[in-house]
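Please read them with the model open beside you.

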Amino acid sequence: MMSRSFQRLALAGALAGAGLLLATGPAEAGNKPPKTVPVRLLALNDFHGNLEPPTGSSGRMVDENGATVEAGGAAYIATHLKQLSDKNTLKVAQGDLIGATPLISAAYHDEPSVEFLGKVGVTASAVGNHEFDEGYSELRRIMRGGCHPVDGCSPAGEWKGADYTYLGANVIFKRPNASAEKDALTAFGGQDTASLRALLKDYGIPALPPVTVRWMNGVPVGFIGLVTQSTPNIVTSEGIKDLEFIDEVKAANVASRLLKLVGVKAQVVLVHEGDQVTAGQSPDACSAQPGAGNRIATQVDAEVDMILSGHSHQAYLCTVTDPQGGKRLYSQGGSFGRVITKVDFQVDVRTRDVVRSSVVADNQVVTRTVTPDPEIAEFVKTWKDRVAPVANKPIGRITADVTNTASASGESSLGNLIADGQLAAARTGGNAQIALMNPGGVRASLAYAGSAAGEGDGVVTYGEAFTVQPFNNLLQAVTLTGAQLKTVLEQQFTGGPNAQPFTKILQPSSNLTYTYSTGAPWGSKVSNLKIDGVGVTDSQTIRVAANNFLVGGGDAFLAFKDGADLWSGPLDIDAFAAYFAANPSITPPVPDHITVTP
């Protein structure tokens with residue numbers, strides 16, 4: 001299986017032999033060839049299956065004039081892409097195009113979103129961490145085609161596969177079989193195997209195509225795809241157990257050498273990693289605070305001409321310095337299809353390299369003031385109609401908004417509600433005593449004035465609940481000692497051996513209370529830990545409910561992996577729906593279970 005699948009996933013076709021890539025591009029007969037030719041890139045990142053216009057804060061964007069405008073939606077994206085496209089255009093993306101998606105896409109394993117992206121002409125994309133939400137095997141199915149192994153074909157019939165190339169230069173096999181190296185070598189179509197052997201020995205055997213090449217105006221442009229190396233900490237471990245996510249800079253440099261080996265000097269990195277920004281800035285400002293994205297942007301080989309990023313859901317346009325002192329673009333275009341990054345540049349016909357001084361970038365907000373593309377609007381309506389019977393089914397009521405806005409302690413009303421629902425679902429069978437929910441898994445708020453047409457205020461539909469928890473994680477329970485539970489809670493904070501990148505406060509069920517000190521050193525932050533008002537001792541055993549992402553050590557909560565007597569229950573969304581069924585009218589919990597001291 002490895003031999004055939006690898007050849008389909010690797011570079012066969014993308015780098016179809018040295019002769020092709022080193023050939024001179026076509027010139028108009030009788031005309032003096034131009035010194036440079038234009039190329040335009042249009043880039044999207046972190047679309048997350050938002051075929052319908054996203055709502056609330058997820059559907060608003062600060063524009064170039066400082067105004068906050070409604071933005072996003074597939075039909076509007078299509079219109080803007082058409083308006084921005086010319087004969088010199090290539091459309092690319094930086095990952096998380098699927099995963100953590102609304103029900104209209106997630107119900108069909110994101111096939112509708114991938115089809116939409118193909119319809120609008122995306123030609124290559126880096127993988128994001130969310131592309132691995134259902135595991136590597138499912139990602140390969142999305143790339144190559146075929147019906148889902150459990151749920152079968154969607155209403156559209158057999159899935160044909162993505163029309164664009166997914167790239168992941170830093171995703172390699174942990175234990176490739178004996179034929180994998182041969183497959184990797186032969187996929188390059190007659191290149192210098194000695195050089196390739198040296199590269200692969202230093203690098204490993206890629207599980208995804210590291211690079212792809214597109215021709216524009218007679219010159220080749222190479223794209224290198226990267227995903228954050230933190231992926232194993234933020235997706236379910238079982239689905240990626242055979243993969244390793246290596247340092248992005250190392251992988252990019254090897255991929256750049258591969259492109260140079262076949263004569264491709266115009267190089268673009270598409271990376272699913274980025275930085276945070278100063279809030280409220282223009283999408284065209286360089287408001288990025290140097291972090292993981294900036295490290296990649298400044299350290300990858302100087303042969304790379306620009307870095308288009310994602311993952312942090314921010315919009316910025318920056319100029320950074322490469323390792324040889326040259327200037328290059330480092331950008332990102334927000335999230336949810338609210339921004340298209342337009343990059344124009346010239347490629348020298350003789351050297352086939354990007355003229356760096358010609359690079360001009362602009363983050364274009366996908367406003368909803370344009371006419372939505374009729375073909376895509378009808379496409380979205382078709383999928384909305386297909387999923388409507390499930391999405392519009394009421395599951396309960398709320399008496400007021402239940403938000404995912406963090407309180408001063410870091411907990412939220414909705415986070416507490418989800419944890420309470422998980423505790424209720426895991427008491428029988430799992431013998432759970434408390435529950436903890438990861439804050440990043442609470443993707444949206446529940447509005448009292450919801451979107452269920454004709455149902456009246458306070459109604460919560462299955463579709464709205466799914467928007468809150470779109471991952472289809474399993475609810476599980478494990479036994480931890482009191483000392484291990486305290487370690488889990490300590491791992492919420494930076495400074496520990498688990499390398500938590502920023503503070504992530506787990507959302508507790510209502511019967512769990514404790515205090516944390518902002519000024520205490522790591523390991524001594526948590527105190528006064530109680531369950532049902534009774535103090536927890538280090539030696540007692542506690543059954544803790546959480547989703548399988550956390551139980552597998554996700555979000556750097558590694559102490560969960562020390563849990564014993566694993567029990568698996570329903571899907572998290574089903575546990576949430578069951579809690580509404582048992583409590584038809586829910587008052588928002590007060591997020592006051594954690595006390596904060598200096």
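1. Two strands are taken to pair if DSSP finds at least two bridges between them; strands (E, at least two residues) and helices (H or I, at least four) are DSSP runs numbered from the N terminus.

2. Please keep in mind that this is a predicted model, in which local features need pLDDT of at least 70 and side-chain atom pairs count only at pLDDT 80 or more, while totals for chains, interfaces and linings use all residues. Residues are numbered from 1 along each chain as its sequence is written, and side-chain values use heavy atoms, with hydrogens and water left out.

3. E15 and E16 sit at one end of an open sheet of 6 strands with mixed pairing, ordered E6-E5-E4-E1-E15-E16. Its edge strands, each pairing on one side only, are E6 (165–167) and E16 (354–365). On average, neighbouring strands of this sheet are turned by 25° against each other, direction ignored; the axes are lines fitted to C-alpha atoms, and angles run from 0 to 180 degrees between N-to-C directions.

4. How many of the residues of strand E9 are buried? In E9 (residues 219–227) 9 of the 9 are, so this strand is largely enclosed by the rest of the structure, where buried means under 20% relative accessible area (1.4 Å probe, protein chains only). Both faces are covered, with Val219, Val221, Phe223, Gly225 and Val227 on one side and Pro220, Gly222, Ile224 and Leu226 on the other.

5. E9 pairs antiparallel with strand E8 (residues 211–216) over 6 bridges, and Met216 has Val219 of E9 as its bridge partner. The two strands form a hairpin with 2 residues between them, and Asn217 in the turn has a positive phi of about 55°.

6. Most residues other than glycine have a negative phi. Asp46, in the loop between strand E1 (36–44) and strand E2 (60–62), has a positive phi of about 55°, and it counts as buried because its relative accessibility is 0%. Asp96, in the loop between strand E4 (89–93) and helix H4 (103–106), also has a positive phi, near 55°, and is buried with a relative accessible area of 2%.

Technical notes
Buried < 20%, exposed > 50% of the residue type's maximum accessible area, 1.4 Å probe, protein only.
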